[in-house]
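Biologist: Could you walk me through this model and show me how to read it?
Modeller: Gladly; let us look at it together.

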Amino acid sequence: MADLISEHGRQNLARAFERAARETLIVDVNDQISIQDSEMLFHADPGQAILLITISSFTFRLLTIFQIAEAPALSAYYVRGAAGRSLQEAFAEVANMCCGAINRQLALTWPHLAMSIPQILDTRCLAFVNDLRPQYLSQYALSINEAVKLRATLCLCCSAPVEFAALASEAQESSGELELF
Amino acid sequence: MSTSARAMAATLSDGSGAERRESLSSQIDALSRELAHLRTLAHAFERWHQDMIALTEHSHNINVAGDDLTDLARNLIIVSLNAAIEAARAGSATHGFVVVAGETKNLSRRVQELTGEINKHLHKSLLLTTATFQDIQAGGKLMMAAVSGLEAMSKKLREGLD
């Protein structure tokens, strides 16, 4: 099957995720988040869960999948100030905001988009993500303040050619850089 | 151009002003009725939503049962190993029991392999089901938003005509 998404589109999708992650996955604006492209991380760690959210259009669906380890640092970071809530509940809200931010960026190119509600699955399900026949799959290792570790997977399934534009602000930044030369 | 749009265009170009208005008005009424019908799609989405929730929960329960079965098979192997060790200790008089213990161990291993395979299928099934569920859920919102957009346009057309 021919590529339904160009390299440019892939890069813009990756940027949309990274931008959304930087905006929404940190609790405090002073927190530092690092986002690294990662090798395939489809190993199943017992006791872990994955959280799925789908953004759908008429021609594609984008699954954003977060791996949530029951790690004390992760719980302490996202559950603080929310007594009585589980890590999964607290993180589902954060993940929802992250996907909302991706949604807003993709809506620049695709005005007709909608998001599902988050759902939790056993992490062993992640091993079968290729069975969704994605046209684009990327994984990230995220680290907040070098203590809180997360993994995320973007899985794009298209039924027609799909392109994603860069954010207008990025284009402006880019043209600004050019002017310096 | 759709049939109704062509009909509307033909009426507008051929008829008198009053006829045009009347025709346009009836076309808008027809459009509003169709949109009202389309809005009942929400009931179908709700039905699918409830069914998919039940299906996802069902898959989850099967997964839990699969994990229990895997644990059972693992314990069965340990028991059969212990039985084989005990039979060997007891000496040649228990040769028959050694054979039975060995076969039990082999069968337990086979059960473990099979439950492992079944669990893989279950996890794959759960991912595919959930991804489909989420796509349907989001797709439903998309369609309802499209219907709302068309209703707003229809309302504006009606206001423009009145």
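Biologist: Where should I begin?
Modeller: With confidence, since this is a predicted model. The predictor gives the complex an ipTM of 0.87 and a pTM of 0.81. Chain A averages a pLDDT of 87, with 85% of the residues scoring at least 70. Over residues 173-181 of chain A, however, the pLDDT is below 50, and this stretch has zero contacts in the model beyond near neighbours in sequence.

Biologist: How should I treat places like that?
Modeller: Where pLDDT is low, the predicted coordinates should not be read in detail.

Biologist: And in chain B, where is confidence lowest and where is it highest?
Modeller: The mean pLDDT of chain B is 83, and 90% of its residues reach 70 or more. Helix H1 (residues 3-14) of chain B is lowest, at a mean of 56, while H4(B) is highest, at 88.

Biologist: How many helices and strands does chain B have?
Modeller: Four helices and zero strands, running α-α-α-α from the N terminus on. Of the 162 residues of chain B, 10% count as buried.

Biologist: How do I read the span of helix H3 of chain B?
Modeller: Compare the end-to-end distance with the span expected at 1.5 Å a residue. H3(B), residues 41-90, has 50 residues and reaches 73 Å from its first C-alpha to its last, close to the expected 74 Å. Just after H3(B), B:Gly91 takes a positive phi of about 100 degrees.

Biologist: Which residues of H3(B) are buried, and what do the buried residues pack against?
Modeller: B:Ser59, B:Asn63 and B:Ser80 are buried in H3(B). The buried residues of this helix pack against strand S5 (119-122) of chain A together with H4 of chain B.

Biologist: Turning to chain A, why does strand S1 lie largely in the open?
Modeller: Count its buried residues: of the five in S1 (residues 33-37) of chain A, the number buried is zero, so the strand lies largely in the open. S1(A) pairs in the antiparallel sense with strand S6 (residues 136-144) of chain A, over five bridges. One to find on screen is the bridge from A:Asp37 to A:Tyr140 in S6(A).

Biologist: Finally, how is the size of an interface described?
Modeller: It is often given as the accessible area lost when the parts come together. Here we can count residues: the contact takes 22 residues from chain A and 17 residues from chain B. On the side of chain B that touches chain A, helix H4 (residues 95-161) of chain B gives the most, with 16 residues. By class, that side has eight nonpolar, six polar and three charged residues.

Technical notes: Residues are numbered from 1 along each chain as its sequence is written. Chains are lettered from A and ligands numbered from 1 in the order in which they are written. This is a predicted model: local features need pLDDT of at least 70, side-chain atom pairs count only at pLDDT 80 or more; totals for chains, interfaces and linings use all residues. A residue is buried if 20 or more other C-beta atoms lie within 10 Å of its own, exposed if 12 or fewer, and partly exposed in between; C-beta atoms are placed from the backbone. Helices (H or I, at least four residues) and strands (E, at least two) are DSSP runs, numbered from the N terminus. Two strands pair if DSSP finds at least two bridges between them. Two residues are in contact if their C-beta atoms, placed from the backbone, lie within 7 Å. Ala, Val, Leu, Ile, Met, Phe, Trp, Tyr, Cys and Pro count as nonpolar, Asp, Glu, Lys and Arg as charged, and the others, Gly among them, as polar. pLDDT is the predictor's confidence in each residue, from 0 to 100. The expected span of a helix is 1.5 Å times one less than its number of residues.
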